[in-house]
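Student: I have a structure open and want to learn how to read it. Can we take a few features, one at a time?

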Amino acid sequence: MKLSELTYGNMELRTQNLTRYITPLREGGSLPALGEADDGFKYVVKLRGAGHGAKSLISELVGGLVAKAFKFKVPETVLLNLSPLFGITEPDEEVQELLRKSEGLNVGLHFLDRASTFDPAVNQIDPLTASKIVWLDAFLTNVDRTRLNPNMMNWNGELWLIDHGASLYFHHSWRDVEEALRDPFPYIRTHALLPYASKLEEADKLMRQAITPRTLNKIVDLIPNDWLEEEGSEISADERRETYRRFLTGRLANSSIFTQRAIEERNRLSLK
């Protein structure tokens with residue numbers, strides 16, 4: 001195995017160096033960039049210097065790998081080294097400042113060239129698939145797959161899930177993890193696929209069977225250690241990693257809580 005490659009089961013995480021800056025992507029709130037790495041592929045680069053910093057990168061990494069473990073189609077997640085020379089010709093001072101704050105290790109998502117937005121009002125989706133995606137986002141506490149911003153793409157005739165940077169929202173306050181892992185996740189009411197998710201109970205059973213705490217622990221192991229370090233915090237990197245383990249494995253064990261809330265919110269939609 002190459003030193004730049006980590007593999008756990010069917011999960012593979014590579015580390016590449018960014019070699020060419022292409023353009024900022026102004027569609028999202030975090031202002032990612034489009035760049036090319038030394039493997040010749042283009043990536044949407046989620047930048048550590050933006051918004052919530054390393055926490056957004058952790059959400060993107062963990063969320064994408066969990067979705068992949070559940071066999072959803074997601075762009076390959078890659079760790080990308082950003083050098084002081086990357087994007088140095090960018091004329092926008094705001095973007096230039098963001099790039100300089102992001103030097104070091106960032107997250108890259110394989111660029112889905114010529115992909116189009118998946119709109120459930122136009123694109124057909126079966127109830128079980130819709131229910132599984134709703135379950136996934138309730139599990140991850142992903143607040144950003146709404147009707148206004150579905151973060152789903154059509155690519156080569158298939159449905160792909162993108163952008164998990166708004167997952168794991170408990171870590172922005174580090175509130176009590178025991179409370180967080182039992183959160184019913186009321187935000188599921190805004191999910192783009194909730195109206196189509198008529199098989200949530202079946203999805204809960206299938207999803208709990210599709211992943212194990214061991215797999216979730218291995219995903220957490222892939223979080224770079226320096227992303228877990230926070231200057232001035234009394235919480236160590238090891239303690240933060242353990243908190244992510246407890247959250248994910250505990251949330252899996254308590255999936256009936258957020259599944260039932262999703263069913264209730266869907267029933268409310270039917271009454272309107």
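Student: Where is V134 placed?
Tutor: Helices (H or I, at least four residues) and strands (E, at least two) are DSSP runs, numbered from the N terminus. V134 sits in helix α3. Keep in mind that this is a predicted model: local features need pLDDT of at least 70, side-chain atom pairs count only at pLDDT 80 or more, and totals for chains, interfaces and linings use all residues. Residues are numbered from 1 along each chain as its sequence is written, and side-chain values use heavy atoms, with hydrogens and water left out.

Student: Is V134 buried or exposed?
Tutor: Buried means under 20% relative accessible area, exposed over 50%, and partly exposed in between (1.4 Å probe, protein chains only). V134 has 1% relative accessibility, so V134 counts as buried.

Student: Which residues does V134 touch?
Tutor: Contact means heavy atoms within 4.5 Å. Leave out residues up to four places away in sequence, and V134 touches I188, H191, L193, L194, A197, L200 and A262.

Student: How do I read the packing of α3 and α7?
Tutor: Helix α3 (residues 127-140) packs against helix α7 (residues 237-253) at about 135°, and their axes are 10 Å apart. That makes α3 oblique to α7. The classes are these: under 35 degrees is roughly parallel, over 145 roughly antiparallel, 65 to 115 roughly perpendicular, and the rest oblique.

Student: Which residues meet there?
Tutor: From α3 come W135, A138, F139 and L140; from α7 come F247, L248, R251 and L252. The contact of α3 with α7 has seven nonpolar residues, no polar and one charged. Here Ala, Val, Leu, Ile, Met, Phe, Trp, Tyr, Cys and Pro count as nonpolar, Asp, Glu, Lys and Arg as charged, and the others, Gly among them, as polar.

Student: How many aromatic pairs are there?
Tutor: Rings of Phe, Tyr and Trp (its six-membered ring) pair if their centres lie within 6.5 Å; planes under 30 degrees apart are stacked, over 60 edge-to-face, and the rest tilted. The whole structure holds twelve aromatic pairs. One of them is Y21 with F86, edge-to-face, at 5.4 Å centre to centre and 90° between the planes. Y21 lies in strand β2 (residues 11-24) and F86 in the loop between β5 (77-82) and α2 (93-101), so the pair ties together parts 65 residues apart in sequence. Both Y21 and F86 are buried.

Student: Why is the pair of F70 and W135 edge-to-face?
Tutor: The ring centres of F70 and W135 are 5.6 Å apart and the planes are at 80°, so the pair is edge-to-face. F70 is in the loop between α1 (54-69) and β5, and W135 is in helix α3. F70 is buried at 7% relative accessibility. W135 is buried at 2%. F70, W135, F139 and F258 form one aromatic cluster.

Student: How many residues has the largest nonpolar core?
Tutor: A nonpolar core is a set of buried Ala, Val, Leu, Ile, Met, Phe, Trp, Tyr and Cys residues joined through side-chain atoms within 4.5 Å. The largest one here has 59 residues. Those with the most contacts inside it include F139, W227 and L248. α1 gives the most to this core, with nine residues.

Conventions. Axes are lines fitted to C-alpha atoms, for helices over the stretch in contact, and angles run from 0 to 180 degrees between N-to-C directions.
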